[in-house]
Amino acid sequence: MKISKYVAVFLTALFIGIVAIERFPGVLTVTDVPYEWLMFGLFKISLLDDITHGLSGLMGVIALLKGYRWTVKYLMLIGGYYALDATFFVLNGFATHQPIVENLSLNAPHIGITFLIAIALYCSVKRIELNP
């Protein structure tokens, strides 16, 4: 199995798992903001995050069923999205004078997803270029 498929399977399970685990009592803590919660008392999760994670998981299932080309396109799409998301929120943290460790810790999941996808896509492109 190609690394892109391993990464897509992992991320698809992760995204679906995030949405599913939120349904367990005690995982989410209510905040003062409507449609926003704290997951495990640490990560802000909003309804938009639920929709994004759910759609990312659903797209992953479809891409994996469709094959390698769709899987690579899926990784490119969500890789770009999560890279932008991480960039915007890290920059927002700096602009609002959030402590650096807190800022990077809170954004670490999306930074990690971005690096994981970048490695998978690099390996896929390298493999394609070496095998004409």
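Read along the sequence, the elements of the protein follow the pattern α-β-β-β-α-α-α, where helices (H or I, at least four residues) and strands (E, at least two) are DSSP runs numbered from the N terminus. The model is predicted: local features need pLDDT of at least 70, side-chain atom pairs count only at pLDDT 80 or more, and totals for chains, interfaces and linings use all residues. Residues are numbered from 1 along each chain as its sequence is written, and side-chain values use heavy atoms, with hydrogens and water left out.

## Exercise 1. Overall description

Task: state how many helices and strands the protein has, and what part of its residues is buried.

Solution. 
- Step 1. The count gives 4 helices and 3 strands.
- Step 2. Of the 132 residues in the protein, 30% are buried; buried means under 20% relative accessible area, exposed over 50%, and partly exposed in between (1.4 Å probe, protein chains only).
- Step 3. The C-alpha atoms fill a box of roughly 55 × 30 × 15 Å, taken along the principal axes.
- Step 4. Among contacts with a separation of 6 or more, 58% come from residues 24 or more positions apart; contact means heavy atoms within 4.5 Å.

## Exercise 2. The sheet

Task: determine the strand order of the sheet and the sense of its pairing.

Solution. 
- Step 1. The 3 strands form an open sheet in the order β1-β2-β3, with antiparallel pairing. Two strands pair if DSSP finds at least two bridges between them.
- Step 2. β1 (28-30) and β3 (43-46) each have a single partner strand and stand at the edges, so one side of each is left without a neighbour in the sheet.
- Step 3. Direction ignored, neighbouring strands of this sheet are turned by 40° against each other on average. Axes are lines fitted to C-alpha atoms, for helices over the stretch in contact, and angles run from 0 to 180 degrees between N-to-C directions.
- Step 4. Between β1 and strand β2 (residues 36-39) there are 3 bridges in the antiparallel sense. Leu28 stands opposite Met39 in β2, and Thr29 has Leu38 of β2 as its bridge partner.
- Step 5. The hairpin of β1 and β2 has 5 residues between the strands, and Tyr35 takes a positive phi near 60° there.
- Step 6. β2 and β3 run antiparallel and are joined by 4 bridges; Trp37 stands opposite Ile45 in β3. Their hairpin has 3 residues between the strands, and in this hairpin Phe40 takes a positive phi near 60°.

## Exercise 3. Packing of α1 and α2

Task: describe how α1 and α2 pack, and which residues make the contact.

Solution. 
- Step 1. The angle between α1 and α2 is about 145°, and their axes are 8 Å apart.
- Step 2. The crossing of α1 and α2 is left-handed, a term used if the near helix is turned anticlockwise from the far one by less than a right angle (right-handed if clockwise).
- Step 3. From α1 the contact includes Lys5, Phe15 and Ile18, and from α2 it includes Asp50, His53 and Leu64.
- Step 4. By class, the contact of α1 with α2 has 8 nonpolar, 6 polar and 2 charged residues. Ala, Val, Leu, Ile, Met, Phe, Trp, Tyr, Cys and Pro count as nonpolar, Asp, Glu, Lys and Arg as charged, and the others, Gly among them, as polar.

## Exercise 4. Packing of α2 and α3

Task: decide whether α2 and helix α3 (residues 68-95) are roughly parallel or antiparallel.

Solution. 
- Step 1. α2 and α3 pack at an angle of about 160°, with their axes 8 Å apart.
- Step 2. That angle makes α2 roughly antiparallel to α3, since angles under 35 degrees count as roughly parallel, over 145 as roughly antiparallel, 65 to 115 as roughly perpendicular and the rest as oblique.
- Step 3. The crossing of α2 and α3 is left-handed.
- Step 4. Residues of α2 including Thr52, Met59 and Ile62 belong to a contact in which α3 contributes, among others, Trp70, Tyr74 and Leu77. By class, the contact of α2 with α3 has 10 nonpolar, 5 polar and 1 charged residues.

## Exercise 5. Two residues

Task: are Ile18 and Asn103 buried or exposed?

Solution. 
- Step 1. Ile18 lies in helix α1 (residues 3-21) and counts as buried because its relative accessibility is 18%. Ile18 touches Met39 and His53, not counting residues up to four places away in sequence.
- Step 2. Asn103 lies in helix α4 (residues 100-130) and, at 0% relative accessibility, counts as buried. With residues up to four places away in sequence left out, Asn103 touches Phe89, Val90, Gly93, Phe94 and Gln98.
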